[in-house]
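Please walk me through this model in the viewer, one selection at a time. At each stop, say what to select and what is found there.

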Amino acid sequence: MKKEKAKQLIKNMLTPLDIRINGNRPWDIQINHPQFYQRVISGGSLALGESYMDGWWDCNALDEFFKRLLEYRIDKKAKSLKPAILWECFKARVMNVQRGARAFIVGRRHYDTGNTLFKLMLDKGLNYSCGYWHNARNLDEAQVGKLDLICRKIGLKPGMTVLDIGCGWGGFAKYAAETYGVKVKGVTVSKEQAGYAGEQCKDLDVTIALMDYRDLDEKFDRIVSIGMFEHVGWKNYKTFMAVAHRCLNNDGLFLLHTIAGNTPAKNTDPWIGTYIFPNSMLPSASQIFRAAEGRFILEDLHSLGRYYDQTLMAWYDNFTQNWDRLKDQYDKRFFRMWSYYLLSCAASFRSRRNQLWQIVFSKQGIDRVFRSEGELFI
């Protein structure tokens with residue numbers, strides 16, 4: 001496609017969104033390479049992200065740029081037919097790309113990126129999931145608030161045993177063991193996370209294991225999974241629920257904290273899947289509850305998606321403010337890639353295209369109305 005025709009097509013897409021090419025407002029885009037238009041028209045969202053990483057275009061407020069794109073559902077109106085993207089869709093639908101043999105890929109490619117990066121970007125407890133910003137003044141308070149909210153929802157008491165599926169750097173395990181006096185087993189597919197979490201929790205009644213969730217076969221009073229279900233994949237949702245059911249005591253509670261989409265999906269955004277979270281996938285409500293049917297009783301669903309916008313912007317601020325301490329380990333292309341990731345994800349929650357849910361399940365039902373003990377979860 002010729003440059004002028006491609007440029008006109010891009011302009012026609014952006015005009016209804018009030019985004020101008022080479023405009024002077026923060027959400028307008030600045031084009032730095034003449035081949036940008038043809039590249040994006042032929043390559044879709046993957047090419048849009050790659051061309052930004054390559055410096056072919058800029059935008060002073062990427063989060064607002066993407067908010068406008070996502071509110072307009074530009075991804076649905078301008079799907080690319082690039083063979084590589086079609087292959088990714090086909091692969092996600094036909095193959096089980098999250099099967100056990102591939103479970104550790106996301107650990108190596110994302111969570112093992114470097115503990116220094118995450119220490120400078122995240123809160124003090126290295127919690128890599130949505131914070132709870134009700135009454136919180138900063139990121140540390142929002143993450144502690146989230147951890148305590150989870151502990152209160154599942155009614156932790158001293159001596160209980162807790163399984164944390166996808167324990168990350170041990171933020172929840174450490175907080176629950178220290179604050180509520182429980183015994184925690186955490187599992188992760190990241191070597192860096194397992195090593196760090198084990199060190200942080202070495203003086204507590206906490207065990208950290210480098211293992212796939214499918215290999216779990218122990219009983220616990222409570223189970224939590226915080227920000228891990230996004231890596232399970234639609235072919236494995238029922239397997240995940242079966243494992244949680246197998247490991248939960250009959251009178252126990254299971255809290256699932258997950259990003260979710262508004263409609264069922266069987267693949268992820270090509271750029272996110274290629275550069276950030278390989279083999280990732282956002283579940284929908286119907287996919288989650290269909291997988292839980294016959295195994296669990298839904299006790300509570302809490303929507304916290306607007307808080308993820310704040311969380312991601314706080315991570316972005318920390319990342320950019322600490323770049324001078326990171327730039328010797330990562331190049332400029334990584335800086336642009338990571339900025340693109342954090343800001344586009346913030347926009348996805350700001351536009352309500354993505355959600356964040358905390359869901360509480362029981363195996364046999366509880367003998368009260370959830371929250372009936374005077375606790376209001378706002």
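Is Phe 66 buried or exposed? Select Phe 66 in this predicted model: its relative accessibility is 9%, so Phe 66 counts as buried. A pair of aromatic rings is described by the distance of the centres and the angle of the planes. The structure holds 34 aromatic pairs. For Phe 65 and Phe 66 the ring centres are 5.2 Å apart and the planes meet at 75 degrees; the cut-off for edge-to-face is over 60 degrees, so this pair is edge-to-face.

**The whole chain**

Zoom out and colour by secondary structure. The protein chain has 15 helices and nine strands. Of its 378 residues, 57% are buried. Show the surface next: the accessible area is about 16800 Å², and carbon and sulfur atoms account for 49% of that. Among contacts between residues at least 6 apart in sequence, 72% join residues at least 24 apart.

**The aromatic cluster**

Select Phe 118, Tyr 128, Trp 169, Phe 277, Tyr 308, Trp 315, Tyr 330, Phe 334, Trp 338, Tyr 341 and Phe 349, and show the side chains. These residues form one aromatic cluster.

**Charges over rings**

Select Arg 68 and Trp 27. The charged end of Arg 68 sits over the ring of Trp 27, 4.0 Å from the ring centre. Now select Arg 39 and Trp 56. Here the charged end of Arg 39 sits over the Trp 56 ring, at 4.4 Å from its centre.

**Salt bridges**

Side chains of opposite charge can pair when their charged atoms come close. How many salt bridges does the count come to? The count is 18.

Asp 54 is partly exposed, with a relative accessible area of 35%.

Move to Asp 58 and Arg 336, where the closest N and O atoms of the salt bridge are 2.9 Å apart. Asp 58 lies in strand 2 and Arg 336 in helix 15 (residues 332-350), so the pair links parts of the chain 278 residues apart. Asp 58 is partly exposed at 27% relative accessible area, whereas Arg 336 is buried at 13%.

Next select Glu 141 and Arg 137, whose side chains meet in a salt bridge at 2.5 Å, N to O. Glu 141 is partly exposed, at 26% relative accessible area, while Arg 137 counts as exposed at 69%. Then select Asp 18, Arg 25, Asp 28 and Arg 68: salt bridges that share partners join these residues into one network.

**Two last stops**

Select Asp 148 in helix 8 (residues 139-153). What does Asp 148 touch, not counting residues up to four places away in sequence? Its contacts are Tyr 175 and Tyr 180. Asp 148 has a relative accessible area of 18%; the cut-off for buried is under 20%, so Asp 148 is buried.

Finish at Gly 233, in the loop between strand 6 (220-226) and helix 11 (237-247). Gly 233 is buried, with a relative accessible area of 0%.

Terms used. Residues numbered from 1 in each chain as written. Predicted model: local features only at pLDDT ≥ 70, side-chain atom pairs only at ≥ 80, totals over all residues. Heavy atoms only, no water. Helix = DSSP H or I, 4+ residues; strand = E, 2+ residues; numbered from the N terminus. Buried < 20%, exposed > 50% of the residue type's maximum accessible area, 1.4 Å probe, protein only. Contact = heavy atoms within 4.5 Å. Areas by Shrake-Rupley, 256 points an atom, 1.4 Å probe, with all protein chains shown as cover. Phe/Tyr/Trp six-rings, centres within 6.5 Å; stacked < 30°, edge-to-face > 60°. Lys NZ or Arg CZ within 6 Å of the ring centre and 35° of its normal. Salt bridge = Lys/Arg side-chain N within 4 Å of Asp/Glu carboxyl O.
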